[in-house]
Amino acid sequence: MTAPAPAARSLTEGPIGRNLLLFALPILAGNIAQSLNGSVNAIWVGRFLGEAALTATANANNIMFFLIGSVFGIGMAATILIGQAMGARDVVQARRVMGTSATFFIGISVLIAIAGWFMAHPLLRAMGTPAASLPLAEAYLRIIFLATPTLYAFAFLSAALRGAGDSRTPFRFLLLSVALDIALNPLLIFGVGPFPRLGIAGAAWATLLAQSLSLLGLLAYMRQRGHVLWLGRKDLGLLRIDLAILRALVVKGVPMGLQMVLISLSMIMLMTMVNDYGTDTAAYGASLQLWTYVQMPAMAIGAACSSMAAQNVGAGQWSRVRGTARKGVLYNFVLTGVLILPLVLLDRHSLALFLPDGSQALAVARHLNHIAVWSFLFFGVSFVISGVVRSTGAVMAPLLILAAALWGVRVPFAELLQPYWGADAIWWSFPVSSLVSMLLSLAYYRWGGWRRARMLAPPAHAGELATPAEVPACPPSPVADADAETATR
């Protein structure tokens, strides 16, 4: 049996800068579309179902975001494993990773869906959900738990396709999901036409239906195109768990997922500090709305760098790995800077979008924004460098660097200097910690041992799923290339 014709894009050839930018832009657009989708849905719920309903969705979404974030790292691990295999033109290994990952994601999502249906009420009570919002939140969250398998499957397929060099296809079907979600929300909430009136549960059903239809469309697309990662009935054997691959997904994926946890916990800690300053809370909240979009370019470029660098690590093209890092840092400064500059020059107008007319918090928001918003230039460098170094399987160092920057610098800086600087200590903790993170990341990139890291041992398998031309007779050695590169510098 031969493998299906590849429907993937090689990131191991062509102009690095152009390919990286074209690869990152769909990821960035997808992140923006998801954020806008959340905002539109919040408007429907908040303005037409009331504050209790909006509070209910906010509490339920916190749980949903945690569930998605908890598998973020494992999805990134799958991206890197598939990227390395595709870079080495090892279709057999890429499809093995696809099979094991699919079984893992489907299995864990079904368990979460079942457990969540019964645990929705206790979870919301443990979070301290207001009594008025609790029944609404439970009705909403139970349907969201039912949507978990489709949410996980879509996220996994998107990660796998990016590993194969394709970021456009996941974006197209994400855009379809967002459009369906926005369109179905009012129909299911209010019962327009033949649709039932479901109230707040309708918002959750809209998400479930939109994700399911988009997932089915994506699967049909992969099957129709004969995508190299498509596993049909003849490939069911590949769905058996490969313990070595599963171990790599968990061991390498958990530290990457913990990075998101550390960021979330540090933001919660800072919000707790800000709450002590009264009106500063509203100012900080308004700034956070803007910062959500400011950090998106760096996150998209970091994800793109992981995929591109992984393919080039697999191909042993270490000069292109270095080029990916350089271009990634450059694009971070350009794209993030393009967003920051107008937010500083026009901050009175942009921040006023989130504050009532005549709000005293506007002056505070402008002040803290001038101090802190520039930090995302530095933190973006860390995102990019982390994306490059983890492409080899070096995941612990980025985690430790982030922990040192956030919990060794940002939180203590804000806490210890408040008696002297007041709330300014919190605002200055952002650029200080981001600068530390950037310097540590660059130091590790230059002198660290990330080039010798491995996601897993080289696979030992026959070429039953690939033609001889697709599997190199002598795969390149990243260690040897790294040593040779070091020797010639």
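A salt bridge is taken here as a side-chain nitrogen of Lys or Arg within 4 Å of a carboxyl oxygen of Asp or Glu. The model is predicted, so that local features need pLDDT of at least 70 and side-chain atom pairs count only at pLDDT 80 or more, whereas totals for chains, interfaces and linings use all residues. Residues are numbered from 1 along each chain as its sequence is written, and side-chain values use heavy atoms, with hydrogens and water left out.

**View 1. Salt bridge between arginine 142 and glutamate 138 in helix α5.** The closest N and O atoms of arginine 142 and glutamate 138 are 3.5 Å apart. Both residues belong to helix α5 (residues 134-146), where a spacing of four residues separates them by about one helical turn; helices (H or I, at least four residues) and strands (E, at least two) are DSSP runs, numbered from the N terminus. Arginine 142 is partly exposed, with a relative accessible area of 26%, while glutamate 138 counts as buried at 16%. These classes follow the relative accessible area, buried being under 20%, exposed over 50% and partly exposed in between, with a 1.4 Å probe and protein chains only.

**View 2. Salt bridge between arginine 95 and aspartate 235.** By the rule given above, the count for the protein comes to three salt bridges. In the one formed by arginine 95 and aspartate 235, the closest N and O atoms are 3.0 Å apart. This pair links distant parts of the chain, since arginine 95 lies in helix α4 and aspartate 235 lies in the loop between α8 (200-225) and α9 (243-274), 140 residues apart. Arginine 95 and aspartate 235 are both buried.

**View 3. Salt bridge between arginine 366 and aspartate 347.** Here the closest N and O atoms are 3.1 Å apart. Arginine 366 lies in helix α14 (residues 361-372) and aspartate 347 in helix α13 (residues 347-352), so the pair ties together parts that are 19 residues apart in sequence. Arginine 366 is partly exposed, with a relative accessible area of 25%, whereas aspartate 347, at 2% relative accessibility, counts as buried.

View 4. A nonpolar core is a set of buried Ala, Val, Leu, Ile, Met, Phe, Trp, Tyr and Cys residues joined through side-chain atoms within 4.5 Å. The largest such core has 67 residues, of which Met98, Leu141, Phe156 and Leu229 touch the most other members. Helix α4 (residues 91-126) gives the most to this core, with ten residues. Leaving aside residues up to four places away in sequence, leucine 229 touches Ile82, Ala94, Met98, Ala160, Ala164 and Met222, contact meaning heavy atoms within 4.5 Å. A second, separate core of 31 residues includes Ile16, Met296, Val313 and Tyr445.

**View 5. Alanine 164 in the loop between α6 and α7.** Alanine 164, one of the residues touched by leucine 229, is placed in the loop between α6 (148-163) and α7 (168-190). At 1% relative accessibility, alanine 164 counts as buried. Although alanine 164 and leucine 81 are 83 residues apart in sequence, their C-alpha atoms are 9.8 Å apart in space.

**View 6. Threonine 150 in helix α6.** Threonine 150 lies in helix α6 and is buried, with a relative accessible area of 13%. When residues up to four places away in sequence are not counted, threonine 150 touches Leu208, Gln211, Ser212 and Leu215.

**View 7. The pair of helices α11 and α12.** The axes of helix α11 (residues 296-315) and helix α12 (residues 318-345) come within 9 Å and cross at roughly 170°. Axes are lines fitted to C-alpha atoms, for helices over the stretch in contact, and angles run from 0 to 180 degrees between N-to-C directions. The two helices, α11 and α12, are therefore roughly antiparallel to each other, a term used for angles over 145 degrees, with those under 35 counted as roughly parallel, 65 to 115 as roughly perpendicular and the rest as oblique. Among the residues that meet across this pair are Ile301, Cys305 and Met308 in α11, and Val321, Thr324 and Tyr331 in α12.

**View 8. Arginine 89 in the loop between α3 and α4.** Arginine 89 is found in the loop between α3 (72-87) and α4. Phi of arginine 89 is near 60°, a positive value in a residue other than glycine. At 46% relative accessibility, arginine 89 counts as partly exposed.
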